[in-house]
Every structure is written in structure tokens, then in C-alpha cells.
Amino acid sequence: MPDLSSDVLVIGAGGAGMYAAITAAQSGASVLLLDKGQVGRGGATIMAQMTVAVALGQQEPDSVELHLADTLNAGRGLCNEELSKLLCEEGPKRILEMERWGTRWARENGHIKQEMAPGHSVKRCCYVDFLNTGPAVAATLRRKVSEMPAIRRISNLAVVEILVRDGQALGAVALNLVDGELMTIQANSAILAAGGLTKLYERNSASANMGGEAYALALWAGAELIDMEFVQFFPIGHLAPRLVGMDPIMWDPFRYKLGGKLLNGQFEEFINRYGSTDFGKYNATRDIAAYAILKEIEAGRGTPHGGAYLDFRHIPEAELRGAFGPVIDRLLANGIDLTKTPVEVGPMAHYHMGGIRVDVNMQTRIAGLFAAGEAVGGANGANRLSGNAITEAFVFGERAGASAAETKPSRIPWDEALARKELERLDARNRRPSNARATPAALQAELQKVMWENAGPFRTGEKLAAALARIQEMQKIDLPRLSVGGQNRFNLDLQDWFELRAMLTTAEAVVRSALARRESRGAHQREDFPASDDTLLRNQALQWEDEAIVARWMPPVRLKQTRPFHD
Ligand SMILES: Cc1cc2nc3c(=O)[nH]c(=O)nc-3n(C[C@H](O)[C@H](O)[C@H](O)COP(=O)(O)OP(=O)(O)OC[C@H]3O[C@@H](n4cnc5c(N)ncnc54)[C@H](O)[C@@H]3O)c2cc1C
């Protein structure tokens with residue numbers, strides 16, 4: 001018999017997973033909510049300290065249509081418009097629901113306060129406190145989950161395979177990180193809410209838990225992935241001095257509220273060398289800023305930690321405090337005095353627009369298999385508006401939970417023989433003992449370097465081909481030979497091995513898609529194809545066939561009446 005069983009299995013307990021679990025339980029299902037880290041404390045949600053974009057229209061007039069138009073515009077013609085519409089339509093309901101559940105959105109004169117952010121036409125982004133949004137929403141969802149007896153929470157359980165027979169999900173295999181044992185889980189439906197992939201990159205804003213496992217699990221199970229080339233790189237992520245407990249992407253509101261000088265390692269302004277002007281107040285677009293910083297580094301004019309300086313020393317302390325009050329004190333507690341020290345910043349992988357292909361019910365093409373949150377691809381097309389990701393986690397989580405709870409018990413009964421066969425195949429301890437000196441963590445670090453150098457913010461066919469060759473070599477030669485240590489209890493090598501196995505498949509999906517898209521669009525920038533090509537206004541869908549990734553082009557899902565996007 002399976003080791004664990006429930007109506008709905010939720011894989012990943014970030015914002016999307018917890019929302020899905022709550023909704024499924026409210027719909028009458030028994031729910032198993034698993035996380036490879038601590039439930040509600042593991043992924044991006046708790047790290048996202050800034051804003052959530054929703055057309056509440058409380059700060060100034062706004063509408064779902066306007067939010068949708070901004071989202072589609074940022075997506076550069078590649079959004080799945082039905083998913084984008086769902087995100088914009090349902091966002092306000094979820095924000096107000098979160099408020100009823102206890103999230104204290106910042107308020108002003110009796111209404112929820114909303115701020116401007118790049119790419120939005122109006123003040124649309126709400127938040128909790130200064131830099132407290134993610135921790136606050138995660139706390140609300142954790143509390144709500146813990147109040148619902150139908151939800152069983154299990155931390156330290158990493159799903160390593162979805163069990164599928166005849167196109168129907170039956171459950172999953174998971175690694176118990178405490179005792180190193182593989183376990184089987186039976187469920188009528190499973191929701192992949194295991195977050196994004198930015199840990200694939202050496203420089204990232206992510207938690208250690210975002211290795212892109214959701215994408216590999218979906219692909220191996222027979223679902224499709226979409227838009228995998230579109231990784232969002234944030235141009236001014238924090239590099240130095242060391243910053244503890246604060247958001248590595250927090251500098252964006254600083255620079256657009258206060259202005260800041262972007263300087264190279266020789267303290268020179270440089271943006272004018274790259275076709276932009278900012279008159280001493282950094283306001284270049286994200287793509288130009290990222291390009292300019294990387295080119296300065298390449299030319300040997302980077303800062304000691306390999307980035308650029310962001311300098312606020314010209315701004316009086318009173319002005320800094322007026323705009324960011326308590327944040328200035330938190331920075332001081334980290335030893336950073338903005339009136340005296342510039343900070344070092346640089347591009348880093350931040351979010352994934354691509355992901356698992358689903359319909360508006362979050363259903364993949366495998367019966368009983370759903371996805372939610374950053375794991376889903378399509379809603380944001382080729383680029384994402386700031387603030388849309390937490391909205392996506394709530395909206396798609398809610399929808400996935402409701403859909404999964406409706407799934408009737410499978411017509412295909414639990415297949416113990418299939419489960420046992422998978423356990424046998426996956427049990428890393430059954431692999432031949434190796435005398436290889438490399439550990440899975442060392443190979444993960446190499447993969448991160450390969451991805452950063454060859455499939456990062458600015459790509460070429462040559463570099464992508466080199467990345468693909470090394471990834472394939474790692475899959476075929478290195479991965480099977482890696483040493484995973486002798487003991488089972490708290491064996492982190494074992495955990496890293498399974499994670500690496502998924503990371504390699506996901507990295508391959510990103511690189512193959514990036515190679516095939518011979519144009520620059522949104523977050524995908526090819527130095528060898530710098531222009532957009534309208535014949536490529538199509539999405540790439542990937543599937544797993546005979547142990548290999550196979551791609552096809554498909555037209556984007558359009559709504560009947562939307563305005564064409566504009567540059
Ligand atoms: C530093 C930072 C700042 C951000 N700021 C903002 C912002 O201001 N506004 C905004 O809209 N968005 C922001 N984002 C993006 C946004 O936070 C995420 O897109 C969103 O929170 C994703 O939610 P999720 O539930 O899909 O995934 P996550 O919150 O990442 O949760 C995924 C969970 O899955 C678990 N998991 C992974 N693999 C497995 C496995 N194999 N088995 C079991 N569990 C697994 C992880 O441990 C994790 O707990 C930010 C992201 C980062 C990293």
C-alpha cells in the first residue's frame with residue numbers, strides 16, 4: 001500500500017501551494033501539503049518583500065482591462081491571454097480575501113494604499129509595511145492552513161517523480177530528507193506548486209529551494225512546458241556589502257523614487273556609452289541597464305564583487321528617510337549607511353515566465369495533474385510586470401485547489417507494482433558505488449556557472465550550444481557516477497543528487513528553447529539576433545519523448561478582443 005494517501009496532493013508550500021491547499025480543503029477534499037523545506041517558509045514567497053499588483057482602483061481609478069493591457073504589453077505578444085486575464089480579473093478578489101484572513105495591507109485615508117511600479121499605467125501595487133509583504137502573506141497563509149484539519153502538512157519531503165499510468169496521475173514518489181527513504185503517495189489529483197528555477201543560475205535572487213524541479217517533474221510525467229527560454233534577469237540585484245534578511249532586489253524602488261547614480265568600478269557614469277542618458281539619475285530601462293553593467297564588467301571596469309555601484313550619497317539623509325524610513329535603519333543595522341557608502345549591484349536571475357502548460361483550470365494535459373504559481377508558464381509571456389508574480393501565486397493557487405478538489409477518484413486504481421518499479425529505479429543507493437570525487441553539490445555549482453555564462457541575460461547560439469553539450473555530458477556521464485555518501489539519515493548528498501537530476505532536465509529545457517528562438521524579445525536577448533522577428537510571435541511547447549525533450553511551435557492563446565501589444 002502507499003505510504004501516504006489523500007484526495008489532493010500539493011507539492012510545494014509557498015504562496016501558490018498554501019492557497020491551493022486551503023481552497024481544496026474548503027471544497028471538501030483531504031489534502032496533503034508537502035514541502036522539501038519547511039512548510040510556508042521555503043521558497044520565493046516569503047522572500048518577496050515588496051509589492052503585489054492588482055487593479056483594486058483604491059488609490060486612483062484603475063480597471064481589470066487596464067491591468068490586462070499592461071500585462072500583455074510587457075509580455076511582448078506571447079502571453080497566454082486567457083491566463084493573463086484570469087490573473088488580472090481574480091487578483092483583486094484574492095487580495096481582499098487575504099485581508100479578511102488577516103493580511104494587513106498598508107492603508108491610507110481608509111483605503112488600501114497602492115504604489116506605482118515600472119510598466120504599470122497607474123498606482124496599482126499594494127504592500128504590507130516597508131519590505132514586509134512576502135513574510136506577512138506567508139504568515140497569513142500558514143496560519144490559515146494550520147487551522148484546517150483537512151490539511152496534513154509535511155516538511156522535509158521532496159517529490160522526485162509523479163506516478164502516471166495511461167495518461168492519469170496516480171500520486172508521487174518522494175524522498176524523506178530525514179531518513180533518506182523513498183516513499184510512495186497516492187492521490188486523486190496532484191498540484192505542482194514547487195516554484196521557479198532561478199537556482200539554475202550562479203547569480204540569483206532566490207532561495208536555495210528553487211531548482212526548477214516542478215518543470216522536470218511535469219515534463220517526465222507527460223505534461224508540456226511552454227516559453228522556457230524566458231528567464232527574467234533583474235539588472236540591479238544586491239551583490240555587496242553583505243545584506244542579511246533583506247530583499248536582494250529592493251533597490252528598484254530606491255532608484256525610481258529617489259534617483260541614484262549608476263557608476264562603474266572607476267566611479268564613472270557609463271550608461272551614455274550604451275545608447276541611453278540618465279543625467280546623473282539612474283532611470284535606464286532594465287534591459288539597457290543589465291547590458292551596460294555586463295559590458296562594463298567584461299571591459300574590466302566592474303566593481304570588486306563583479307557589478308556596478310549604485311550611489312545615493314548625493315541624496316540628503318532626510319530625503320532618504322522620508323521615502324524609506326525604517327528600511328534605512330535596517331540597512332544601518334547591516335552596516336550600510338547610504339549617505340556614506342555606495343552599494344554594489346548587478347544582474348541576477350529573478351523569476352521564470354515559462355513553465356508548465358495549463359488551461360484556465362490549471363489542468364495540464366495529464367488527467368489529475370495541475371500546476372500553480374511560478375511553476376505555471378504563459379500568463380506573463382516574454383516578460384513580467386513587477387508585482388504580478390504574487391498575484392499569480394494566489395490566483396492560480398486558488399484555481400488549482402478548486403479544480404483538483406473536483407477531480408473524482410481515479411478510474412485507474414492504485415498500482416502498487418508500478419510504484420515499486422519506480423522506487424527500485426529511483427533508489428539512488430542501488431546505483432553502482434562510485435569512486436568519483438565530485439559531489440552533487442559541486443556539480444550543481446558547475447551547472448550554475450555554465451548557465452550563468454552561457455544562457456544568462458545575453459545569449460549567443462555558440463554559447464548556448466556549449467551549454468547544451470556540457471549539460472548532456474553531465475546527464476549521461478557525471479550524474480550516474482556521483483557519490484552520494486554511505487549513510488541515509490540527513491544525507492544532503494542524496495537530496496542534492498535528486499535535485500541535480502531535475503535541475504539538469506530543466507536547464508536543458510531552457511537552453512534548447514533559447515537556442516531555437518533566433519530573435520531578441522522581452523527577457524530573451526540574443527546578441528547574434530538583436531532584433532525581434534514577427535514570424536516568431538509563437539510559443540514553444542516542450543514534451544518528453546523517449547527520454548528526450550522534443551519542441552514544437554504553437555500560436556499564442558489570444559482573447560477575442562485585445563489590443564495588439566506595442567513596443
Ligand atoms: C527575492 C525575491 C523577491 C521577489 N519580490 C516580488 C515582489 O515584490 N512582488 C511579486 O509579485 N513577486 C516577487 N517575487 C516573485 C514571487 O515571490 C514568486 O514568483 C512567488 O512567490 C512564487 O510563489 P510559488 O508559491 O509559486 O513558489 P515558492 O514561494 O517559491 O514556493 C515553492 C515551494 O516549493 C518547494 N519545493 C520545491 N521543489 C520541491 C519538491 N521537489 N518537493 C516538494 N517541495 C518542493 C520549495 O521548498 C518552496 O517552498 C520575488 C521573488 C524573489 C526570489
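This report walks through the overall build of the chain and then visits serine 205.

The model is predicted: local features need pLDDT of at least 70, side-chain atom pairs count only at pLDDT 80 or more, and totals for chains, interfaces and linings use all residues. Residues are numbered from 1 along each chain as its sequence is written, and side-chain values use heavy atoms, with hydrogens and water left out.

## The whole chain

You will find 13 helices and 21 strands here, counted as DSSP runs (H or I of at least four residues for helices, E of at least two for strands) and numbered from the N terminus. Some overall values are gathered below.

| Property of the chain | Value |
|---|---|
| Box filled by the C-alpha atoms, along the principal axes | roughly 70 × 55 × 50 Å |
| Residues that count as buried | 61% of 567 residues |
| Contacts joining residues at least 24 apart, among those at least 6 apart in sequence | 74% |

Buried means under 20% relative accessible area, exposed over 50%, and partly exposed in between, with a 1.4 Å probe and protein chains only. Contact means heavy atoms within 4.5 Å.

## A stop at serine 205

Serine 205 sits in the loop that links strand 10 (182-192) to helix 5 (213-221). Is serine 205 buried or exposed? Its relative accessibility is 9%, so serine 205 counts as buried. Setting aside neighbours within four places in sequence, serine 205 is in contact with Met47, Pro248, Ile249, Met348, Ala349 and His350. With histidine 350, the serine 205 side chain makes a side-chain polar contact of 2.7 Å; a polar contact is a pair of N or O atoms within 3.5 Å, where within protein one must be able to donate a hydrogen and the other to accept it, and residues adjacent in sequence count only if both atoms are side-chain atoms.
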